[in-house]
Amino acid sequence: MFTFNNKSKDYFIENLAVLIDSGVNISESLDIIEVGIKDSFFKKKMNKIKEDIGAGFNLWESLDQLNVFSHRDISLIKIGENSGNLAENLKILSSQHQKERVFRSKVYSALMYPSIIFFMIIIIGFGMSWFLLPKLALVFSQLDIELPKITEIMISLGLFLQDYGVIFFPIFFVLVFSFFYLIFFHKTTKFLGQSFLFNFFATKRLILESELSRFGFILGTLLGAGFSITESLKSMEQSSIFHFYKKLYKHLLVDVSEGATFRESLLSYRRINKLMPLSVQQIIAVGEKSGRLADSFLKIGKNYEEKLDLTSKNLAIILEPVLLIIVWLGVVFLALSIILPIYGLIGQIN
């Protein structure tokens, strides 16, 4: 199966939107876009798209056969072609892709600094354990004094690492990597890591604001582009990466499909207040009642995008106390392990 990376898809959509909006027909637009493509594999698929267009296929039909673009993307292009607003819908699609890149970038940037610091703490801690503790253990084990329990633990750890460090550290890091992969990245178990992050005080707000900004922007633009509420909710369910929000969108989709209002569907969901603040629910209810639901969603998206900016900038500050406590505990353990035996030795000398 052919798979574009996100960068290639964004390049294709952005340039196609600009060219068609400038009055260039689809065939000529594809020729122009192909000139700027360096990936030979991508060029092959571009030729297939051009052949389909030349044979009378619609653009959405040709792209749908590639199994690359999401249902939302294909539907937007299809509606644009059928309504004569292809350029406008491509602009909306390009804007959505750009927004999603920005959301991902903000989340990754916010988590990058704490992750690097935490990783450095682990590396320094194990480096000291491997190279420093065995030497200290040798010194203290030769002293003819009664050692504190904390020092005995340090000596045991140091001697163990001196003998088995070459075996222990590779196994340890493989186990840690496997654990993080299963918890945060594996398709069937990553919900565990997502649940932990959503219940952790420092990252809960970041996830909430990131998802609600996407929720408002995507539903607002899709409804404004002519999508039905059920089609829009289906797109949200497919595009969300958090399992607990997927469940919410699926619940909304089922209830709305059966004739319930958006407000009634929200109120019937048990965990709704945890996933969506009351103020957001009220804005949706007012928008639904006034017939301006798309505008209400866009307002929510803009509001939470601004909040996400502030939260992503402050996340490092929020996590600093946690990181400082971890460092402090390590320093205290090492300091007490070294200082207490010295005081004991000085006491015996006196």
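Is Lys 48 buried, exposed or partly exposed, and what is its relative accessible area?

1. Lys 48 is partly exposed, with a relative accessible area of 34%, where buried means under 20%, exposed over 50% and partly exposed in between (1.4 Å probe, protein chains only). This is a predicted model, in which local features need pLDDT of at least 70 and side-chain atom pairs count only at pLDDT 80 or more, while totals for chains, interfaces and linings use all residues. Residues are numbered from 1 along each chain as its sequence is written, and side-chain values use heavy atoms, with hydrogens and water left out.

2. With a salt bridge taken as a side-chain nitrogen of Lys or Arg within 4 Å of a carboxyl oxygen of Asp or Glu, the count comes to 7.

3. Asp 52 is buried, at 8%.

4. Asp 21 and Lys 91 form a salt bridge at 2.9 Å, N to O. Because Asp 21 lies in helix H1 (residues 6-21) and Lys 91 in helix H6 (residues 86-131), this pair ties together parts that are 70 residues apart in sequence. Asp 21 is partly exposed at 43% relative accessibility, and Lys 91 is partly exposed at 37%.

5. In helix H10 (residues 201-224), Glu 211 and Arg 214 are 3 residues apart, and their closest N and O atoms are 3.5 Å apart in a salt bridge. Glu 211 is buried at 1%, and Arg 214 is buried at 9%.

Methods
Helices (H or I, at least four residues) and strands (E, at least two) are DSSP runs, numbered from the N terminus.
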